[in-house]
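Open the model in your viewer and keep the selection panel at hand. The stops below go through nonpolar cores and then salt bridges.

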Amino acid sequence: MEYSADDYVFMQRALRLAEGATRRAAPNPGVGCVLVRDGAVIGEGATLAVGSDHAEIQAIKDCLARGDSPRGATAYVTLEPCSHHGRTPPCAERLIKEGISRVAAAMVDPYHEVAGRGIAMLRAAGIDATAGLMEAEARRVHRGFLSRVERGRPWVTLKAAATLDGKTALLNGVSKWITGPQARLDVQRLRAAHCAILTGSGTVLADDPQLTVRDFPVAVQPWRVVLDGDLRADPASRVYQGGRALLATCVADEARLEPFRARGVEALVVGRRDGKADLADLLTQLAGRGVNELMIEAGAGLNGALLRAGLVDEIVLYLAPSLAGDAARGLFAWPALESLTDKIRLDIADARKVGADLRLSLRPQPAA
């Protein structure tokens, strides 16, 4: 299928709408939709919170609010319109009802209740419906939803901050502040874009963090998840205050879990692997709770374990232009390597300055 230059322009607009809706729509995909007729935008919208309008419905309502009609328009949508009855009626049916003449979707929805049925329903109604316009870009925007549906686990972004020689704290534990205020503000923006934030009990014991989003407006705070396999941390820790806190532990003893439950903390009991909490099991359980995007803010132990297990999709690393010396604490803990062929290779996807610091977006590469 060949697309015109205008097709790309309007799909780019839909993708920008989708990016703004990703967090609020979870666990649904944050879809964007733009309605166009005779080269002009007549309506646009993005998915609202669960149980509310999908992008196509919002775009139709926007068109009607402008005093226009969507009849004869092209709908540019970042994901195939749904074809099943869930919390809302099928969007494909509404597009047919409104007389849309063409639907250009960025990609087929892999969710098992859709998976091509939306496109088929539209075509059966005589609508010119295709999928594949800017699919690579759409997969990036919808990566959290796609990860949960296709892999059964969230998209995992590991955030870390270090000196230029890779140190996260002094040997005595002092770590505030390695990076500058602009980088710390950027971390708040990053938190706001995720469904949940995971840390380990070691970080809770050492720093007593809150892990909330500050300085950015969010309708709902991300889930704060503490991996505490043996229940080392205090139920009164700040991370457990204020709601939306999850405790992931290997302890199934209800008497020991009760002090956490009494504070409104929900518990996830995960299995063990090689004597430690099974990280893959934890990610599967978080996906089952609708977590599309998971951010890691932890210490070297959990960082290293996740990376070595191949469970990290992206690393966002803030590097401060300073040196802490060989004796300071590092980023990732794992056994000493015997060969450089065992090193973990990273692809630099993006590099930019944030204030005085450098922010790198890195993608772990498959082993050679």
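A salt bridge here is a side-chain nitrogen of Lys or Arg within 4 Å of a carboxyl oxygen of Asp or Glu. The model is a predicted one, and by this rule it has 23 salt bridges.

**Stop 1: a salt-bridge network.** Select Asp186, Arg189, Asp350, Arg352 and Arg359: salt bridges link these residues in a network. Zoom in on aspartate 186 and arginine 189, whose closest N and O atoms are 3.0 Å apart. Both are in helix H7 (residues 181-192), 3 residues apart, so about one helical turn separates them. Is aspartate 186 buried or exposed? Aspartate 186 is buried, at a relative accessible area of 12%, while arginine 189 is partly exposed, at 33%.

**Stop 2: the largest nonpolar core.** Next, select Met11, Leu35, Tyr76 and Val103. Of the 40 residues in the largest nonpolar core, these four touch the most other members. Colour helix H1 (residues 5-25) as well; this helix gives the most to the core, with 5 residues. Now centre on valine 103 and show what surrounds it. Beyond its neighbours within four places in sequence, valine 103 is in contact with Ala75, Val77, Pro81, Leu95, Leu122, Ile127, Asp128, Ala129 and Thr130. Another core, of 36 residues, lies apart from this one; Trp223, Leu279, Leu306 and Leu362 are among its members. In soluble globular proteins, nonpolar side chains tend to be buried together.

**Stop 3: aspartate 313 and arginine 151.** Show both side chains; they meet in a salt bridge, 2.9 Å from N to O. Which parts does the pair tie together? Aspartate 313 belongs to the loop between helix H11 (300-308) and strand E15 (314-320), and arginine 151 to helix H6 (residues 143-151), so the pair joins parts 162 residues apart in sequence. Aspartate 313 is buried, with a relative accessible area of 10%. Arginine 151 is partly exposed, with 41%.

**Stop 4: lysine 159 and glutamate 297.** Finally, select these two side chains, which form a salt bridge of 3.4 Å, N to O. Lysine 159 sits in strand E6 (residues 155-163) and glutamate 297 in the loop between strand E14 (293-296) and H11, so this pair ties together parts that are 138 residues apart in sequence. Residues under 20% relative accessible area count as buried. Lysine 159 therefore counts as buried, at 16% relative accessibility, and glutamate 297 counts as buried at 10%.

Definitions and conventions
Residues are numbered from 1 along each chain as its sequence is written. This is a predicted model: local features need pLDDT of at least 70, side-chain atom pairs count only at pLDDT 80 or more; totals for chains, interfaces and linings use all residues. Side-chain values use heavy atoms; hydrogens and water are left out. A nonpolar core is a set of buried Ala, Val, Leu, Ile, Met, Phe, Trp, Tyr and Cys residues joined through side-chain atoms within 4.5 Å. Buried means under 20% relative accessible area, exposed over 50%, partly exposed in between (1.4 Å probe, protein chains only). Helices (H or I, at least four residues) and strands (E, at least two) are DSSP runs, numbered from the N terminus. Contact means heavy atoms within 4.5 Å.
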